[in-house]
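Dear colleague,

Please find below the structure that I am handing over to you. My notes on it follow, and I would be grateful if you read them with the structure open.

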Amino acid sequence: MNNIFERGSEWRKWDLHIHTKGTNKNDNFTSTDFNSFCVTLFKTALEKDIKAIGITDYFGIDNYKKVKGFVDNIDLSSGFNEQEIDNIKSIFLLPNVELRILPATGSGGLINIHCIFNPDATFLAKLENDFCASLEDSGGNKMNRAGFIALGKNSNASLDNDGAYKKGIEEFHLEPSKLIKLFKDKPELKENTIIAVSNSNSDGASALQEHYKLFENETGSLDAVRSNIYKLSDAIFSGNPSDREFFTGEKNGCAESLVINKCGSLKPCVHGSDAHCETKLFNPDENRFCWIKADLTFEGLKQILCEPKDRVKIQANKPEEKSGYHVIKAIEIDSDICKQNILLSSNLNTIIGGRSTGKSTLLKLIAYRINPSILDAKCEKEKEVDSFITGILPDAIKIIWQDDEENKGRDIEFFPQSHMYEIARDKEKKNKLIQDIVKEKDNENLIRNYEKFCADNKSTIQTNLDDLFELQANIDELTTTLKEKGDERGLRKEIENLQNKIKDSQQDNSFSEDELKQYEKLKEEILKLEQLQQKQEKDKNEITALKDEDLFDSSFSYKFNQLSELNSQAIQEIFASVRQKAIKEWQDKLSAKLTANDELLEEYKKEIQDKKASDSFKKGSSQLEHNKQYKELNERLAIENKKLAEIISLRQQIDKINAQKKELFEQTVQNHISFAAKIDELIRDFSLVHDDIEIKIEKIYRHDKCKELLTNFINLQSYGRKNFVDDWGGEYENNVKSKVENFLQDALENKITLKKHKEIKDLSKGLLTENWFSISYELTYQNDTFNKMSDGKKAFVILKLLLEFSHKECPILIDQPEDSLDNRAIYNELVAYLKQKKKSRQIILVTHNANIVVNADAEEVIVANQHGEDSKNQDDIKFQYITGSLENTKPIDANIDIVLKSQGIREHVCEILEGGTEAFKKRENKYAIGDAK
């Protein structure tokens, strides 16, 4: 079941431009012999972790053959240990023949073109005849040793063969037309060659003219030459970032179509160290290492032509690296129905196979082993989890993460078959998904602030209603007491009569008029002082009770739970300190106030005593004491005055409470209105846009819920009350303020008839603390509203919502996301999306669509097979899998019974997936591969 590259296409360092000791030009190597050079070469390669080397020389591959011979015969005597020898043998060697092409550049040099050949031995055996001996310069000298010697002696007849060979190498150059004709006449040669032109400003095509001139002008003779050279080439030898932008169509003003028109195709940029001495080996300028994501095969290297933007990067560090705890490295299964170690890519893994071959089963098995609850929750419609999954004991499955941890219950996202479609057609699930996304992406905390406002507002209204009903109860109680005290107008009339009678009763006294006035004045002052004394005594009791009240809401400290550990403790301490200080200050000031009140009471007592002890008062009391009529009338007057004072006090209390009630009433109405106002504010301020998806907020009135509450409380046996409930919706939505004011006033005055055992206070809280306007989300994609989309497009948009708006970096497991999408949508949207998303997150995906596998450029393809008469597995195991890359290709071998081993991954893709062959062609056509020549 094993193949060489089971993890599929991986990023590795390739150096495709390394010269060797004895190179035909500029040989600056100092090694004593070729073997010692090879030791230095491979030691440095191991140190730099180089996985592929293009052994380069001018006009020939002799030095490649010598390096290959060194590796083939390497043993412990070479100075490498067994592990190093194995590592050296795994390094992929390619022959790179460097040619010099006319016309001369502005600096007088020739253009360098590289031909990187398939290192297959059978092909290379024909290379001398089919390539070297088939090319000649303008003088008819062939591009082989004999031709170089002839060219050298033609220049200087006195040279010996070795000298003439060197001279011929120096002077040999080709015309582009001859190279173009050769590859056109020999398709097998072209199929096994990658042509890369240097783009340096000294020996490259760019030296002929700047990039922008090529793309802007078509008149110069050099333009056509340069364009032909680019069309001849498959790739560009350059580490310059601006070159990559040009030739991949990512430069402003140089779109893909323009580059294809001028250069024949989009071009990958490759790079090498161009070493001509030991110190330069695998040491590219500015650490611009060439990273290629491919198998270490010639077919792997050719993938950069199909994916020039994504399969090759020029940079110091490994591209697209993910955290070890966010990547599943392997799944090991050891059971009767499957025995296998399946390696996984850190990017896009696609699982393919015929019906019932174990594709979805493998995906579910990974999800189930990491987190069983995910599988249970996602598969609600299934009667039971697959027997394959539940039949395997937990100990028989290992999930190995990239950081070498095993069986960790780490976070994953698992989307079973039709999951996106089910969310799309379920409004509640869709809204819940959007709501979670909005909360996560709400950088300005608009939604959180709105929800906090609603919660706080509800609490405030509830407290206000408690206070309102308590104030109303106080008003009702005081009003009842006021009625019991009598009629104020009648009391005042009675007091006036008594005062007149008292005045008449004083005529027989031996008092002078002045003495009588003085006595009456003192008596009135004493009465006022006694009333003040009574009020102070009452307030003293109230203030004493207030001292024991807690100034702070006990639940206020719960708000600190929202703080992180960075600040929660500090804020708690600040609150405790402020609370302690405030309580102490409150109690101290109340104590001081009580002391001041006691002093006032003493003053009142003393003043009353002083007035009663005055001669005027004593004389009046003594004189009038014997006047029984006067005494009786005064006692009656005192009683009536006391009643009047109590009535006045009650009216003042009622007025004061009514003022509080009015303010609280208006505040409560305004608080309830602010629910709707806050949503309007949110609609105005909120908009979430990302990658053609826009989420906006709508306000929805929950009429049915509101009516349900009213129906549950109000007695509907009256036509008027029934109309009140039925009409509430329209009246409330159109004029919230008026409706709430009328209801609350009637509720406080108990004018609403309720069902038995229902309380008006409970109805008021239920109605006024609730926000009857809810948030709904309007979703658009590419200016198309969600409700107007096709089912397939809806499912795709849901997938984008699930992944694109997520901050997660964990693996994504998806079962057949292409369901309900047409081929155009799959290719134009889903494929492009997966290509982008796999760079940041590992994806493991089951699919039956060739476009997803091929055009999303899956790094790893996992082919599933269930054992059968016509589809045998090794050792008759029920389920088996083979893994590899799209570049893993091998024609079918009818003599091999084991179906997974009978052909390469590419052939499995073309056989299993409908349209597989067409998908590969479409992938090549996208970048005009094959059309450039």
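In which order do the four strands of the open sheet stand? The order is E15-E16-E17-E18, and the pairing is antiparallel. Please keep in mind that this is a predicted model.

The partner of E15 is strand E16 (residues 693-701): three bridges join the two, and they run antiparallel. Within this pair, histidine 690 stands opposite isoleucine 693 in E16.

Next, the backbone. Most residues other than glycine have a negative phi. Asparagine 26, although not a glycine, has a positive phi of about 50°. Asparagine 26 belongs to the loop between strand E1 (11-19) and helix H1 (34-48). Its relative accessibility is 48%, so asparagine 26 counts as partly exposed. Asparagine 407 likewise has a positive phi, of about 55°, without being a glycine. The loop that holds asparagine 407 runs between strand E13 (397-401) and strand E14 (413-415). With a relative accessibility of 28%, asparagine 407 is also partly exposed.

The cysteines come next. How many disulfides does the structure hold? The number is zero. For cysteine 115, the nearest cysteine sulfur is that of cysteine 132, 9.5 Å away. Cysteine 115 is buried, with a relative accessible area of 0%. Cysteine 277 is in no disulfide either, and the nearest cysteine sulfur, in cysteine 38, is 16 Å away.

Lastly, the surface. Which residues form a nonpolar patch there? They are Leu563, Ile571, Ile574 and Val578, which together have about 310 Å² of accessible area. One of them, valine 578, lies in helix H23 (residues 568-613). Valine 578 counts as partly exposed because its relative accessibility is 44%.

With kind regards

Technical notes:
Residues are numbered from 1 along each chain as its sequence is written. This is a predicted model: local features need pLDDT of at least 70, side-chain atom pairs count only at pLDDT 80 or more; totals for chains, interfaces and linings use all residues. Side-chain values use heavy atoms; hydrogens and water are left out. Buried means under 20% relative accessible area, exposed over 50%, partly exposed in between (1.4 Å probe, protein chains only). A disulfide is a pair of cysteine sulfur atoms within 2.5 Å. Patches are made of residues with over 30% relative accessible area and no salt bridge: like charges are joined within 9 Å, nonpolar side chains (Val, Leu, Ile, Met, Phe, Trp, Tyr) within 5 Å. Accessible areas come from the Shrake-Rupley method with a 1.4 Å probe; for residues, only the protein chains shown count as cover. A salt bridge is a side-chain nitrogen of Lys or Arg within 4 Å of a carboxyl oxygen of Asp or Glu. Two strands pair if DSSP finds at least two bridges between them.
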